[in-house]
Amino acid sequence: TSPENVPEVSDASRVLHRVFGYTSFREGQQEIIEHVVAGRDALVLMPTGGGKSLCYQIPALVREGVGVVVSPLIALMQDQVDALTALGVRAGFLNSTQDHDERRQVESAFLAGELDLLYLAPERLRVESTLRLLDRGAISLFAIDEAHCVAQWGHDFRPDYLALSTLHERWPTVPRIALTATATEATHAEIASRLNLGEARHFVASFDRPNIQYRIEPKNEPRRQLLKLLRTEHPGDAGIVYCLSRASVEKTAAFLAENGFQALPYHAGLDARVRAANQARFLREDGVIMVATIAFGMGIDKPDVRFVAHLDLPKSVEGYYQETGRAGRDGLPSTAWLAYGLQDVVQQRKMIDTSEGDAAHQRRLGSHLDAMLALCEAVECRRVQLLAYFGQRSTACGNCDTCLSPPESWDGTVAAQKLLSTVLRLQRERRQKFGAGQIIDILLGKKTPKVIQHDHASLTVFGVGTELSESEWRGVVRQLLAQGLLTVEGDYGTLVLTDTSAEVLGRQRQVPLRREPERAARAAKAPKA
Ligand code: ADP
Ligand code: ZN
């Protein structure tokens, strides 16, 4: 510190070089660090890998006292503290994994002013003895990491985070910095209000991750599709494969292992020791593929994750962005690949319909799913659409599937009318609702046992859709869902018309659709007349 004991910017640069060994700040870091060093509150939104940690670690080293870091990532605290210790930073943590003695040691180091950084699990701050401990030491700042955990209906909500709103009342002069890689306007606002950060300056970095190539394709034989991706583009690479259920995590990990990959499962149903061992192998060994539910990944700092594959549809664009963001932290080319199908939509609608919470909550989940579907069925640049979701404007990227091989569009109005009128007829004339499979069989004129049983061959629409294949019809259904012209409900994913379906049936509305790859290939192969 300078003679007057007022920290200066130059101190921050010096710490950057001397302690962390870096030559320059990354975009946004310096401004944020200066702001916090000056004792002001900040809300930082920066993508994964952007360098959030330095934004509180450097101010904690520059300011007097101990920087208290609230983090939900208990499993990673030891690693974080070890990494800091290796750099000569005096760091410790308090969480439920420690015994009494370990805790006492950290507490006395804190009281003796022998710590620069103290990591705390959020539930510690609900314990009065912890608060009294903090009262007895000198605190330089509070850093609230993964701050989106305070957002009540977000994808990572942690009730313990709600109590963090009181930090300001108890320590009004200690600056607070909240950090997250989640970026929608709604989430910012919720974080600011729940954490009582009304005065905080917001720092919003660009959320673009130019080295990640985004690709989304229809799901046919997901494991085969995944295998092809890994064999042709990512042999020997480390990556993460996300599945929705524990069962499919297990099956997929076994499938990849049978095919010669080092694939390990990770989900909340596994024994904690197995999980920790698998995570450690993923972090320390080369070329390990983690097959996981979304329980895996938050806070994992592995720079060379070359691909993130989703075998099931994420529940929201925010979730998708977070999960894919774990690829390519080192800035090298990486792939974000997702396979999705109608069944995903059916399954997620069902989960929403049966979820706890009031109607408003269900509507909100529904709109998250709709936004995710719209991204999947995007005809234009995926990145433009992804960033637009976070309120950031950009131009076509040249590094996503829709930029690299732009989908052709075709006028799907007549196809949409055929499909919607089949749904309408069944509902009006027979008081019946069916899922996509039966509707498509009717359009294709297939006399399946179920068609015969329900006498669907006598419908006037029977066999009127033979110009498209079954998978093309599935594509039509998915796109109608994405455009809000159709919806699914119930246990069996029955198709139901929406308020806007009538506009198509009444010919007031055109329906542009994207050509499925299969159809595009066939169109290309067909001899030119
Ligand atoms: P985030 O928490 O935003 O995901 P981290 O703080 O873990 O990101 O930083 C990501 C990686 O970038 C880390 O390996 C970190 O050491 C590195 N890093 C951060 N800031 C800089 C910098 N100014 N110069 C070089 N590397 C940096
Ligand atoms: Zn693009």
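The model is predicted: local features need pLDDT of at least 70, side-chain atom pairs count only at pLDDT 80 or more, and totals for chains, interfaces and linings use all residues. Residues are numbered from 1 along each chain as its sequence is written, and chains are lettered from A and ligands numbered from 1 in the order in which they are written.

**Nonpolar core**

- The largest nonpolar core holds 145 residues. Such a core is a set of buried Ala, Val, Leu, Ile, Met, Phe, Trp, Tyr and Cys residues joined through C-beta atoms within 7 Å.
- Val44, Leu118, Ile177, Ala178, Met290, Val291 and Leu419 touch the most other core members.
- Helix H3 (residues 52-62) gives this core its largest share, seven residues. Helices are DSSP runs of H or I with at least four residues, strands are E runs with at least two, and both are numbered from the N terminus.
- Met290 touches Ile240, Leu264, Tyr266, Asn278, Phe282 and Phe296, leaving out residues up to four places away in sequence. Contact requires C-beta atoms, placed from the backbone, within 7 Å.

- H3 is largely enclosed by the rest of the structure, because 10 of its 11 residues are buried. Buried means 20 or more other C-beta atoms within 10 Å of the residue's own, exposed means 12 or fewer, and partly exposed lies in between; C-beta atoms are placed from the backbone.
- The buried residues of H3 include Lys52, Gln57 and Ala60.
- The axes of H2 (residues 29-37) and H3 come within 9 Å and cross at roughly 40°. That makes H2 oblique to H3. Angles under 35 degrees count as roughly parallel, over 145 as roughly antiparallel, 65 to 115 as roughly perpendicular and the rest as oblique.
- Axes are lines fitted to C-alpha atoms, for helices over the stretch in contact, with angles from 0 to 180 degrees between N-to-C directions.
- Gln29, Ile32, Ile33, Val36 and Val37 of H2 meet Leu54, Cys55, Tyr56, Ile58, Pro59 and Val62 of H3.

- Most residues other than glycine have a negative phi.
- Glutamate 146 has a positive phi of about 50°. Glutamate 146 sits in the loop between strand S5 (139-144) and helix H7 (167-170). Glutamate 146 is buried, with 22 other C-beta atoms within 10 Å.
- Arginine 507 also has a positive phi, near 60°. Its place is the loop between helix H21 (501-505) and strand S17 (512-514). Arginine 507 is exposed, with 9 other C-beta atoms within 10 Å.

Methods
Two residues are in contact if their C-beta atoms, placed from the backbone, lie within 7 Å.
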